Amino acid sequence: MTDSYVKAVNSGVTKTLAKKLGLPRPAVLRRFRAGDPLTVGPVLVLGGTPGVRDDADRVAEALLAWDLDVRQTADDTTRWGAVVVVLSGIERPEDASAPVLALSASLRRLAPNGRVVTISRAPADTDSPELAAAREGVDGLLRSVAKELRYGATGNGIQVTDDAPVDSPNVLATLRFFLSAKSAFVDGQLLRVGAGAPSDQGAPSGDQGSGAGLDQPLAGKVAVVTGAARGIGAQVARTLARDGAKVVVVDVPAAGEALAKVANEIKGTALQLDVTADDAGARILEHARARHGGIDVLVHNAGILRDKLLANMSADKWDAVVAVNLAAQLRITEYLLGANGFSSEPRIVSLASTSGIAGNRGQSNYAFSKAGVIGHTRAFARLLAAPGGPGGTANAVAPGFIETDMTASIPFVQREVARRVASLQQGGQPVDVAEAIAFLASPGAAGVNGQVLRVCGQNVVGR
Ligand code: NAD
């Protein structure tokens, strides 16, 4: 599935015409290719105080260790591949002024497909009103900066909880994801990152890191992906396999042929199964144990649409959507946790949707199911992290408009609007969602738990 408008406004006569008419001109996004540099140019780290070794210096040192060209002073000639603004030290709203104005001065020199990443402290229940104001302010700042960026550049933020240093492996892995081309369609998002369970901490997932295993952060792991015969699920399976996982792909028997193709392509195994079956969890576990020894990563991706205005909603349309998109996820996860079905600390990623965050006309059933996914994700996250709990993480990914068969069925005008009302002015590709899921499944994301990561190009829908 492609968005031919993006191609047209980036080539030849149509490019000139679009410019003259003032039409939206979405950029061609830089996506991950093995061997490409992490960023499109040098990285500027702002927020430091000269003469004092502070968090900005710690972040700069960590970036240097990745062999990046890192600077802490701006100049008038460099085209920045990324600007990282370290705001972890701000305690009063007034403290943000200097680093933010330094960012302001360097924004014009940000390269196409560049990155702005803020690193700040996550608001905490114990914050004084003044500290809460300063920390929460970063949220509005980041989301606004992201909306001002052009030419495929994105802005995202990391909110580090008070228990983790800014240069901890979890924070650095998240920073690496945001800096990289893997986050091409993640824009205007803030991820909360904590210390995570010490036993689950690993090296940052790498696309150009040094040392053994960084290119394959999921080596030795077994992943199950539902709804993997096509679209986002098939791409998730490919991406997890690229990262070293053995993948069990699951889909309904009617999609068996396409499913077998995906399984062969990635040297995984196929399980034909309707996820709403009563014994779905048991059959997944039985297959994974028999063929691969167990399960480490579970991706709940299978989903359906049955759009109708609520006034015209039938019981079968409501029930089918809730059964596939929500109840099946709940039942399978509960079964696997209850049966000690995970061989290591579980990594569970569930597909939500921006419709579940903002609601959508004609999608009350779908939005109920996707908001429900966010609900169980947060509840499972608490359960996993509780003292004596199994550890691991549960997170949700909320795609905006992604070019798949599912969205190809949306009427043309609605589809065109959905694409252009995002800061990146285009729909995403399945690989964009897959990269976000692969990041959440990687050892470096041990400190990300109970979060909803939007992959939506900063769609105006909801927050
Ligand atoms: P898709 O329709 O292209 O693929 C969904 C797959 O799930 C299909 O292969 C289908 O056979 C399978 N499936 C459906 N019911 C199943 C069942 N009962 N048991 C097993 N497999 C089943 O959809 P997609 O666009 O790739 O979406 C994947 C996920 O992402 C869904 O959960 C969807 O709600 C979510 N999502 C998609 C978008 C988007 O823009 N495409 C946006 C937000 C959320």
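How do the residues of the shell around the ligand divide into nonpolar, polar and charged, and which class contributes what number? In this predicted model, the shell divides into 13 nonpolar, 10 polar and 4 charged residues. In total, 27 residues surround the ligand, and the closest are Gly-227, Gly-231, Gly-303, Thr-404 and Met-406. Two elements give two or more residues to this shell, namely α7 (231-242) and α13 (405-408).

The overall organisation of the protein is considered next. The protein is divided into domain 1, which covers residues 28-193, and domain 2, which covers residues 222-455. The centres of the two domains, taken over C-alpha atoms, are separated by 29 Å. To the contact between them, domain 1 supplies 23 residues and domain 2 supplies 18 residues. On the side of domain 1 that touches domain 2, the elements giving two or more residues are α5 (129-148), α6 (169-179) and β6 (189-193). Of these, α6 provides the largest share, with 5 residues. By class, this side of domain 1 comprises 12 nonpolar, 6 polar and 5 charged residues.

The packing of individual helices was then examined. Two packed helices are described by the angle between their axes and the distance between the axes. Helix α7, which gives residues to the shell around the ligand, packs with helix α15 (residues 430-441) at an angle of about 50 degrees, and the two axes lie 8 Å apart. Because of this angle, α7 is oblique to α15. The crossing of these two helices is right-handed. On the side of α7, the contact is made by Gly-231, Ile-232, Gln-235, Val-236, Thr-239 and Leu-240. On the side of α15, the residues are Pro-430, Val-431, Val-433, Ala-434, Glu-435, Ile-437, Ala-438 and Ala-441. The contact of α7 with α15 contains 10 nonpolar, 3 polar and 1 charged residues.

From α9, the residues Ala-280, Gly-281, Ala-282, Ile-284 and Leu-285 meet Ala-328, Arg-331, Ile-332, Tyr-335 and Leu-336 of α10. Sorted by class, this contact has 8 nonpolar, 1 polar and 1 charged residues.

Helix α10 also packs with helix α12 (residues 364-385), at an angle of about 15 degrees and with the axes 8 Å apart. An angle under 35 degrees counts as roughly parallel, and α10 and α12 are therefore roughly parallel to each other. Here, too, α10 passes its partner α12 in a right-handed crossing. The residues of α10 in this contact are Lys-317, Trp-318, Val-321, Val-322, Asn-325, Leu-326, Gln-329, Leu-330 and Thr-333. The contact of α10 with α12 has 9 nonpolar, 7 polar and 2 charged residues.

Note on methods
Residues numbered from 1 in each chain as written. Predicted model: local features only at pLDDT ≥ 70, side-chain atom pairs only at ≥ 80, totals over all residues. Near = placed C-beta within 6 Å. Helix = DSSP H or I, 4+ residues; strand = E, 2+ residues; numbered from the N terminus. Nonpolar A, V, L, I, M, F, W, Y, C, P; charged D, E, K, R; others polar. Contact = placed C-beta atoms within 7 Å. Domains from an automatic or database assignment. Axes fitted to C-alpha atoms, helices over the stretch in contact; angles between N-to-C directions. Parallel < 35°, antiparallel > 145°, perpendicular 65-115°, else oblique. Left-handed = near helix turned anticlockwise from the far one by under 90°.
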